Amino acid sequence: MKRVLIITYYWPPSGGAGVQRWLKFVKYLRNFGWEPVIYTPENPEAPVIDHSLEKDIPENLEVIKTHIWEPYTAYKKFIGQKKNQRVNAGFLSESEKPKFSENLSIWIRGNFFIPDARKFWIKPSVKYLSKYLKENPVDAMVSTGPPHSMHMIALGLKENLGIPWLADFRDPWTNIDFYDQLKLSPFADKKHRRLERKVLTKANSVSVISPGMAEDFDSIFHRKYEVVTNGFDEEDFNTGTIEIDRKFSIAHIGTMVKSRNPENLWKAISELVTENEAFKNDLELKLVGKIDIEVLKTLSAFGLEEYIKRRDYLPHEKVIVEQKKSAVLLLIINNTPNAKLILTGKFFEYLASERPILCVGPKDGNAARIISELDAGIVCENKNLPELKDVVLQLYLNYKSGENRFSFRNISAYSRRKTTEAMASILNQFKI
C-alpha cells in the first residue's frame, strides 16, 4: 500500500456536503492500492453534526488531529449570536435585515482572514506535519478545499519536503458565486488571486468536480485539470423497497440561499394550485436544509406556506430515505455567472434515488448535460414561466398515473467506487 496524507477541514462527526467527497474516497481508496492518513482539526466549527457518517470511516484508519484557533467565538459575540449556535455556510441569512455588525464582520472576514478564517491553522500545521512526515513518510498528499487554507498547508509541506501534491477543489476560489459579496479591498482581492494562482501553479496535479470548473480555472492559469465528479455510494441506497409519498411531494435537499430562489417556479406552482383543485389537494413542498429568509418571503408571497414541510437538517441516512420517497426531486442551480459549471454533491444522490429530477438552471450547463445523458429528469430555465408550469403539471400527471418515465440509464458511472478509482489513478501518475 502506498500512503497518502489527506488534509481536510471537514471530517465526521461534521456533517453537510463538505465532508462527503473525501469521506467516500477514503472509504474505497484501499481497494486501489492507497492507504489514507487523515489530517483534520480536533475542534472545527462544523456547520452541522452528523454521527451517521462515522459508519463510513474504514477500520484502523489513522486520523491525526490538532487544535485549531478560529475567530468564530469573537464573531458570534460581535453579532450577538449564542456560543452554541452554528455559523451558516456561504451567505445564507435567516434574519430580515443583516445587522451593521454582520456587514462589518463580512468586510473583516474578506479583508483580514485571507484565504479564510482557518488561516491561523496554516503555520502550526506545516510545522507539525513537517516533523510527522519525516518520521512517517507518505507517497503523496491531497488538500481539499474550501476552506482554501488546506491548500496553503499543503503548499508549505511541498516547499519543505517536496511531497507530490494533489490540490482538490470542491468549489472555485475567486470565481465562487459569493466572492463579490466579501467586500474586498483591491489589496485583498489581489492577495486572494495571488494565492489561488500559486496553488494552481505549484500543485503537481489539480482536480475539480466539473468540466465547467476546469475551464474556469484554465482561464486563471493554463494547465491540465483532472475532472473527478462527486458521486453516490451504492451501499447508502441498499434501503429495500420504499413506498412513494402519498402526497405529490416536490423535495429540495440542502441549503437554499438567496441566489438559489426560483421565483418563477414558485409562481408556476401557485398558479397550478389556483387552477387545479386536485393538484392543490395533493401538493407538498419538502424542504430539508437551511432556507434563506428571502426564499421564505417569496414562498409566502405566492401563498405556498401551508404546503411546506420543513426540516433544518436530517442525518445523511434519513435524507436518502426522504429522497427515495419523494415524487419529484428539485435541483436548483444558483442564478449566478458560474451557474453552468455547478454540479452539487446532492445531484448524484438524486440520480441514485431514481426519482424524477426537476432541474431549474441553464439548459447548456454541466448538470443539464448529465440529466439528458442519463435520462433522469427535465431541465427548465427559471425565466421560462410557461415551460415551468407545463413541466410541473406533467410531472404531477405522471405521479397520479404511477408512471416514472425516466430510465436513469448508466448511473453506475457515478458510483463512489468509480470516482475513487479515477482519483487513485491521478495519484498513481506521481513519480514516487
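Buried denotes a relative accessible area under 20%, exposed over 50% and partly exposed the range in between, with a 1.4 Å probe and protein chains only. The model is predicted: local features need pLDDT of at least 70 and side-chain atom pairs count only at pLDDT 80 or more, while totals for chains, interfaces and linings use all residues. Residues are numbered from 1 along each chain as its sequence is written, and side-chain values use heavy atoms, leaving out hydrogens and water.

**View 1. Strand 6 and its two partners.** On strand 6 (residues 205-208), Ser-205 and Ser-207 point one way and Val-206 and Val-208 the other, and all are buried. Strands here are DSSP runs of E with at least two residues, helices are runs of H or I with at least four, and both are numbered from the N terminus. Strand 5 (residues 165-169) pairs with strand 6 in the parallel sense over four bridges, and Phe-169 stands opposite Val-208. Strand 7 runs parallel to strand 6 and is joined to it by two bridges; Ser-207 stands opposite Glu-226 of strand 7.

View 2. Seven strands, in the order 3-2-1-4-5-6-7, form an open sheet with parallel pairing. Strand 3 (62-66) and strand 7 (226-227) stand at the edges with a single partner strand each, so one side of each has no neighbour in the sheet. Two strands count as paired if DSSP finds at least two bridges between them.

View 3. Glu-196 lies in helix 6 (residues 186-202). Glu-196 is buried yet has no salt bridge, and the nearest side chain of opposite charge, Arg-193, is 5.0 Å away. A salt bridge requires a side-chain nitrogen of Lys or Arg within 4 Å of a carboxyl oxygen of Asp or Glu; Lys and Arg count as positive, Asp and Glu as negative, and His and the chain ends are not counted. The side chain of Glu-196 makes a polar contact with that of Thr-174 (2.7 Å), a polar contact being a pair of N or O atoms within 3.5 Å; within protein, one must be able to donate a hydrogen and the other to accept it, and residues adjacent in sequence count only if both atoms are side-chain atoms.

**View 4. The largest nonpolar core.** Among its 129 residues, Leu-5, Phe-169, Phe-248, Trp-266 and Ile-269 touch the most other members. Helix 14 (residues 385-401) gives the most to this core, with seven residues. Such a core is a set of buried Ala, Val, Leu, Ile, Met, Phe, Trp, Tyr and Cys residues joined through side-chain atoms within 4.5 Å.
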